[in-house]
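Please read it alongside the sequence and the structure.

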Amino acid sequence: MPASGSCIWRFNILYWQALSRWEQATGREYEQALPGGESDARNTEAVHEMILELFRVWDELDARHALPQELYVVELGVGNGGQARTWLDAFAALDRGHGRDYYRRLHYLMGDYSAHVLDRARQTVAHHGDHVNGLVLDATRPLLTLGFLRGKAFCVYISNVYDNLPTDEVASIGGRPYLVEVRAYLRDEDAARIAGQHHIPDSALAAVIERLLRLGPDLLAEAAPERFAEAGHAVTLWRDVWAALRLQERYVPLEGLDAYRLSPSLTGEILRPLLGHGGDIRMHASNGALASFEGTLPLLHPFGRLLCHDLFLTEPAQYHAGFFGPGKYDGSVVNWVNGPLLQLIGNRRGYDVQIAPFSARPGSNVKTLTAQVRD
Ligand SMILES: C[S@@+](CC[C@H](N)C(=O)[O-])C[C@H]1O[C@@H](n2cnc3c(N)ncnc32)[C@H](O)[C@@H]1O
């Protein structure tokens, strides 16, 4: 099946749903697995830059009596809320100096698909009271939940999330297009070892893993106490399976690029200029990132910006020279994001999309993508 449909994404969801269980077991927080060991989202210098730019836009709109009463800022994929806290604390402090009382009008909306993560983030920013709301939502379909914000968000912020969204890969070999299909599997010896360690008959292992993915470690332990005396045992099974999980892949010929559906509104034809004529190449379709990006643009106020820190490729030719995922970060999946594809789509929709080095750490693999309505 295409990689976006693989069960590795169910493991990825489980990781965020049951994050504290995983962290308890490993003794380390998820941020330590991010590039640089902590989220760039918390870099104060970059946050100040972003807020001062917002103030500039708001001052200008205010001077023309065009500034709405409610000032919306959205963050998607909030993790532990560290970015939200850094941002809101800085906002409140800078606003005091700026003297326009924007903080009073500010609504900071935090969206994440993990209720557990969202709870943690809410606690982190509890001191900002009613200025913050948390919403359970799927970042690949932001309009479903945030449709009421269409045209109103001054900033949509998303960091280290696009690289964590499902993606397929397509290839051009000898000038012919292929879809890369994958199958997640355990080698026989790994399956036998894991089954033995957890006292599960070999023939039942697949069904137990399926239940783990469906229920999570806590409910699984409740549902099968004879096998898992406590949730921690189910977490050990989860970690053992994840560590041993591998991907097999094959190249399936496509009748043409238009035979591949990249998103509900786009076929693989859009990839043609990126696949180029420079020899064999394989690249991410970045389906999840693309869906999120396309769904987020309509939320932006005409003077609003989408701001995204992530592992972006900036040139299709980079795909000739390296491996960019899928890979494992602790319990989650990571793929670099096809930046030129997002730029292409954004440009077609009338947005200016730039990908620049992350100003606070220019040498880093993390880049900053910004999108705003073209002048
Ligand atoms: C690597 S963390 C990044 C957290 C934070 N932005 C940072 O930079 O530290 C990814 C976050 O995205 C969330 N996430 C992943 N896929 C999502 C989806 N489809 N919809 C909503 N949230 C998602 C996870 O729950 C997690 O909070």
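Helices (H or I, at least four residues) and strands (E, at least two) are DSSP runs, numbered from the N terminus. The model is predicted, so local features need pLDDT of at least 70 and side-chain atom pairs count only at pLDDT 80 or more, while totals for chains, interfaces and linings use all residues. Residues are numbered from 1 along each chain as its sequence is written, and side-chain values use heavy atoms, with hydrogens and water left out.

**Sheet**
- Seven strands form an open sheet with mixed pairing, in the order β3-β2-β1-β4-β11-β17-β16, where two strands pair if DSSP finds at least two bridges between them.
- The edge strands, each pairing on one side only, are β3 (132-136) and β16 (351-357).
- From one strand to the next, the twist averages 15°.
- Strands β1 (residues 71-76) and β2 (residues 106-112) run parallel and are joined by six bridges; Tyr-72 stands opposite His-107 in β2.

**Helices across the sheet**
- Helix α3 (residues 44-63) lies across β1, β2, β4 (153-159) and β11 (300-310), and runs at about 175° to β11; axes are lines fitted to C-alpha atoms, for helices over the stretch in contact (heavy atoms within 4.5 Å), with angles from 0 to 180 degrees between N-to-C directions.
- Helix α4 (residues 82-98) lies across β1, β2, β3 and β4, running at about 175° to β2.

**Helix pair**
- The axes of α2 (residues 19-26) and α10 (residues 231-244) come within 10 Å and cross at roughly 80°, which makes α2 roughly perpendicular to α10 (65 to 115 degrees).
- Arg-21, Trp-22, Ala-25 and Thr-26 of α2 make the contact with Ala-231, Val-235, Trp-238, Arg-239 and Trp-242 of α10.

Conventions
Parallel < 35°, antiparallel > 145°, perpendicular 65-115°, else oblique.
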